[in-house]
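Subject: Structure handover

Hi,

Here is the structure we spoke about. Please open it alongside this email, then read on for what was found in it.

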Amino acid sequence: MGLSELLSYMTEENMAMLVDKYRSLGPLPGLLLPFMKSFIPPLPTLVIISVNAAVYGLWLGFLYSWIGIVGGCLVTFAIVKKVAGHPYLVRWSQKPKVQKSLVWARRQAFNYVFLLSLFPVGPFVVINMAAGLVGMRFRSFLVAVLAGKAVMVMSVSFIGYDIHRFIENPARLIYVVLFVGASMVISKRIEKRFSH
């Protein structure tokens, strides 16, 4: 099965059947699918998180999706950070223009990782790789990803858990928007602490 066939198979109904079929394996399917998102970017994040919430329930679905996504982010970050010490990349990073960009990126890393982690669609792999390449500290990356992905996964899980309720009453989305907005305000305070 090619990548395009795999992606066309990943509808919400098919994913729900797949996760439900392997539910006897416990949390493994709920953890593994979000984990794979860091290595196969085209996988549909919204569908995976929604299905986890529908199959496992709101809280377990949230927990499995969050652990899986954060785990995938940490593994890609660690791999890229290890490769970033390669002599070729070290020489490349010594160029003046590259140094200037890297200094700016290091200063802004926490903020960008957190903010971009809030979005359910986007280049997760690129964000993880960029953070690893600029030498972002592991603790800062961990806090940014844990917080950002928690907000994103909770928002999507909340909607995916009972999507019919949101279809019938779209005004309920205001709560999700307020939750994300409050999280962004809190993130500014967290960012100040970790940027020093």
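Start with the contacts. Residues 24 or more positions apart account for 79% of the chain's contacts that have a separation of 6 or more. Contact here means heavy atoms within 4.5 Å.

A word on the source. This is a predicted model, in which local features need pLDDT of at least 70 and side-chain atom pairs count only at pLDDT 80 or more, while totals for chains, interfaces and linings use all residues. Residues are numbered from 1 along each chain as its sequence is written, and side-chain values use heavy atoms, with hydrogens and water left out.

Overall make-up

The chain has 11 helices and zero strands. Helices (H or I, at least four residues) and strands (E, at least two) are DSSP runs, numbered from the N terminus. Of the 196 residues, 39% count as buried. Buried means under 20% relative accessible area, exposed means over 50%, and partly exposed is in between (1.4 Å probe, protein chains only).

For the angles, axes are lines fitted to C-alpha atoms, for helices over the stretch in contact, and angles run from 0 to 180 degrees between N-to-C directions. Angles under 35 degrees count as roughly parallel, over 145 as roughly antiparallel, 65 to 115 as roughly perpendicular and the rest as oblique.

Take α3 with α4. The axes of α3 (residues 28-36) and α4 (residues 45-56) come within 10 Å and cross at roughly 170°. That makes α3 roughly antiparallel to α4. On the α3 side, Pro-29, Gly-30, Leu-33 and Pro-34 meet Ile-48, Asn-52 and Tyr-56 of α4. This contact of α3 with α4 has five nonpolar residues, two polar and no charged. For these classes, Ala, Val, Leu, Ile, Met, Phe, Trp, Tyr, Cys and Pro count as nonpolar, Asp, Glu, Lys and Arg as charged, and the others, Gly among them, as polar.

Next, α4 with α5. Their axes are 6 Å apart, and the helices pack at an angle of about 140°. α4 and α5 are therefore oblique to each other. The crossing of α4 past α5 is right-handed. A crossing is left-handed if the near helix is turned anticlockwise from the far one by less than a right angle, and right-handed if clockwise. Thr-45, Ile-49, Asn-52, Ala-53 and Tyr-56 in α4 meet Leu-58, Leu-60, Gly-61, Tyr-64, Ser-65 and Ile-69 in α5. By class, that contact of α4 with α5 holds seven nonpolar, four polar and no charged residues.

Then α4 with α9. These two pack at about 60°, with axes 8 Å apart. They are therefore oblique to each other. The crossing of α4 and α9 is right-handed. From α4, the contact uses Thr-45, Leu-46, Ile-49, Ser-50, Ala-53 and Ala-54; from α9, it uses Met-152, Val-153, Val-156, Ser-157, Gly-160 and Tyr-161. The contact of α4 with α9 has eight nonpolar residues, four polar and no charged.

The nonpolar cores

A nonpolar core is a set of buried Ala, Val, Leu, Ile, Met, Phe, Trp, Tyr and Cys residues joined through side-chain atoms within 4.5 Å. The largest has 26 residues, and Val-113, Met-136, Phe-141 and Met-152 have the most contacts inside it. Elements giving two or more residues to this core are α5 (58-83), α7 (96-117), α8 (124-133) and α9 (138-161). α9 gives the most, with nine residues.

What does Met-136 touch? Not counting residues up to four places away in sequence, Met-136 touches Phe-77, Lys-81, Ala-109, Phe-110, Val-113, Ala-131, Phe-141 and Ala-144. Apart from this core lies another, of nine residues, among them Val-19, Ile-48, Val-51 and Tyr-56.

Ala-109 is in helix α7. At 8% relative accessibility, Ala-109 counts as buried.

Arg-23 sits in the loop between α2 (12-21) and α3. At 39% relative accessibility, Arg-23 counts as partly exposed. Leaving aside neighbours within four places in sequence, Arg-23 is in contact with Val-55 and Tyr-56. The C-alpha atoms of Arg-23 and Tyr-56 are separated by 8.7 Å, and the two are 33 residues apart along the chain.

Arg-172 lies in the loop between α10 (163-168) and α11 (173-194). Arg-172 counts as partly exposed, at 31% relative accessibility.

Best wishes
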